[in-house]
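User: I am new to this structure and would like to know what stands behind the terms used for it. Please set each value against its definition.

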Amino acid sequence: MALSKRFESPIRWYLAVLFLGLVASGFVGSPYGKFQLQRIVEMLLLVGVLAWSYRRQSDGALNASATSGWYGLGLVGFGLTALLAGWSGPIPWISLAFTGLTWMQFGLLPQLRTAWERYGEDGIRLLALFGFCLVGLDVALWLVMHAHALPVYTWVRKINAFGQIDFQAPYLFLNPRWGNQYSVLLLWTFVPLLHQLQRGAVQRFQGFWWAICWLVPIVCWLQIVLTEGDGAFLASCLGAAVLGLFAALSQGAQRQFWLRCLGLVVVGSVVAWLVSYGLEAGSFFANLLQRNSQEVSKGVVTAEMGRADLRLLNWMLYGLASLQWPIWGVGIQVIPQGSPVCGPHSLPVELLYWTGLLGSAAAALLTTGFWPRRLGELVRSQSLAGLLSPMLVALFAYQLIDDIWLKPASLALLLLVLAAVMRPQPTSGGPLKPFALSFQSYRFLALLGLLMIVISVVRPGGVGWGPSPLVSLPGKDCLLFF
C-alpha cells in the first residue's frame with residue numbers, strides 16, 4: 001500500500017523507468033542494440049502514460065477543454081498533412097508510424113500536464129535529481145575513458161596478457177551530441193528547485209537538495225564543455241540571457257532570485273572550463289569560433305567539389321529539395337537524393353522538406369501551447385512555466401541546429417518536461433472553439449497514434465526492428481526512431 005501511494009504520481013514511475021532503461025542501455029555494446037532498447041523504453045513510457053490517462057475520472061474532467069484551440073488546430077493539421085505527405089511519398093508506411101508518434105506525444109502532453117499541476121513540487125525535485133544522476137553518470141564515464149586514454153562514447157574492452165577482459169567501459173548515449181540534448185533540457189531544473197528552497201517548501205533533507213541545486217548546472221555544463229557541444233553551449237547561453245533579462249525586468253526579491261539563478265549558471269560554466277583546462281581536454285572557449293568558422297570555410301570547398309558533407313551545406317540541399325514538394329512535403333523521414341547524412345540536424349529544415357509549408361505552419365501552431373501571451377507573465381510568474389522559461393528558449397534555439405525530436409531517449413524526456421511548461425488556458429469561444437479539444441479527445445488521438453504505429457510495425461515496408469533499408473545511405477544505416 002505504501003509503495004503504491006508513493007508511485008501514485010506518474011512523474012515518479014516515469015522518471016524511474018526512464019533512468020533504469022537508460023542505465024541498462026549503457027551496458028549494451030552494440031549501437032543498434034542500445035538504440036533499440038532506448039526506443040522500447042520510450043514506447044513503454046508512452047503506453048504507460050496512455051494507460052494512466054484511462055484512470056477513473058469524472059465526465060466533467062474528461063470533457064473539459066485541455067488547452068487552446070491553436071494547439072488543437074496545430075496537432076490535427078500537422079497529423080493530417082503528414083498523413084497526406086507520407087501517403088503520396090516514397091515511404092508511406094514509415095511515415096505513418098512517425099505521424100502516429102506525433103499524435104501520441106502531443107496528445108499525451110495535456111494528460112501529463114494535469115499530473116504536474118498536482119504533483120509538481122515533488123516532481124521538480126525528482127527531475128533535478130534525475131538530471132544530476134544521469135548527466136553526472138555520463139560525465140563520470142567520460143572522465144574514466146579520458147583517464148585511460150580511450151575513445152569516449154564507445155564500447156571498449158581491454159584484454160590482458162592472459163586473454164581475459166580486465167577493463168570494460170559502458171556508455172549511455174550513441175554520441176556526445178545525444179548526450180548534449182539531455183544537458184540542454186536538464187540544466188534548468190535547478191531554477192524551480194531553488195525557488196522551492198528559498199520559500200521554505202522543502203522541509204526534509206534541505207542540505208541534500210541545496211547540493212543538488214548547485215550541482216545540476218555544474219554537471220550539465222561539464223558535459224557540454226568536455227564533449228565540445230557548440231550548439232548546446234550557444235543554446236544554453238541564450239537560456240542564461242533569459243535569466244539576465246528577467247533580472248533586469250524585475251525588482252526587489254524577485255530580481256535577487258533571477259540574479260542568483262544567473263550566478264549559479266555562471267559558476268557552473270566557470271567550473272566546467274576549469275576542469276576542462278585542468279584535464280588538458282582542449283580549450284573549448286578558445287576554439288569555439290575556430291571550429292565553427294572551419295565548417296563554413298570547409299563547406300565552401302566541399303560545395304565546389306559537389307559534396308554536402310557539412311551541416312550548412314546539407315541545410316541548403318534539404319532546402320532546395322523542399323522546393324519540389326513545397327505544399328505538403330514528401331513524408332517523414334525521407335532523405336533527399338545526394339545527401340550524405342541521415343538528416344540536416346535542423347528541425348525547421350526537416351519539417352519544411354518532410355511536411356511542406358502546411359506541416360511547418362501547423363507545427364508552429366503547436367508551439368502556442370507553451371509560449372505566454374506577454375513577457376511580463378513569465379517574469380512575474382512563480383509557476384513551472386515561468387521558472388522553466390530558460391529551458392524553452394534553449395530548446396527552441398537548439399532545434400535550429402539539431403533534431404532532438406528524432407531520438408527516442410530525448411523524446412522520452414521531452415514528453416515529461418514539455419508537459420511541465422504547457423499552458424493550461426483553453427479557448428472559451430471564437431472561431432477556434434471546435435479545436436479547443438477535450439482531454440478525452442486528446443486521449444483518443446494518442447490511442448489512434450498507437451494504432452498507426454502498430455500498423456506500421458506489422459505491415460511490410462513499415463518500421464522494423466533494425467535500420468530500415470528504405471531510409472539508408474550507401475554503406476551507412478540511419479537509426480530512425482523506429
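User: Why is leucine 109 called buried?

Analyst: In this predicted model, residues are numbered from 1 along each chain as its sequence is written, and side-chain values use heavy atoms, with hydrogens and water left out. Local features need pLDDT of at least 70, side-chain atom pairs count only at pLDDT 80 or more, and totals for chains, interfaces and linings use all residues. Buried means under 20% relative accessible area, exposed means over 50%, and partly exposed lies in between, with a 1.4 Å probe and protein chains only. Leucine 109 has 2% relative accessibility, so it counts as buried.

User: Which residues is leucine 109 in contact with, leaving aside neighbours within four places in sequence?

Analyst: Contact means heavy atoms within 4.5 Å. On that basis leucine 109 touches Tyr71, Phe370, Leu415, Leu418, Ala419 and Met422. Leucine 109 itself belongs to helix α6. Alanine 419 is 310 residues away from leucine 109 in sequence, yet their C-alpha atoms are 5.1 Å apart.

User: What makes a stretch of the chain a helix or a strand?

Analyst: Both are DSSP runs, numbered from the N terminus: a helix is H or I over at least four residues, and a strand is E over at least two. The protein chain has 19 helices and four strands.

User: Why is helix α8 described as largely enclosed by the rest of the structure?

Analyst: Helix α8 covers residues 190-198, and eight of its nine residues are buried, so the rest of the structure largely encloses this helix. Those buried residues are Phe190, Val191, Pro192, Leu193, Leu194, His195, Gln196 and Leu197. They pack against α6 (92-147), α9 (206-226), α11 (252-278) and α16 (384-387).

User: Which residues does the network around Asp122 join?

Analyst: Aspartate 122 also forms a salt bridge with arginine 125, where the closest N and O atoms are 4.0 Å apart. Through shared partners, the salt bridges join Arg12, Asp122 and Arg125 into one network. Arginine 125 counts as buried at 17% relative accessibility. Aspartate 122 and arginine 125 are both in helix α6, three residues apart, about one turn of the helix.

User: How many salt bridges does the structure hold, and where do glutamate 117 and arginine 113 lie?

Analyst: The structure holds five salt bridges. One of them joins the side chains of glutamate 117 and arginine 113, at 2.4 Å from N to O. Both residues lie in helix α6, four residues apart, about one turn of the helix. An α-helix has 3.6 residues a turn, so residues three or four places apart point the same way. Glutamate 117 is exposed, with 53% relative accessible area, while arginine 113 is buried, with 5%.

User: How do you know that the peptide bond from isoleucine 332 to glutamine 333 is cis?

Analyst: The omega of that bond is near 10°, and the bond is cis. Glutamine 333 is in the loop between α13 and α14.

User: Why is isoleucine 327 called partly exposed?

Analyst: Isoleucine 327 has 42% relative accessibility, so it counts as partly exposed. Isoleucine 327 is placed in the loop between α13 (311-322) and α14 (347-366).
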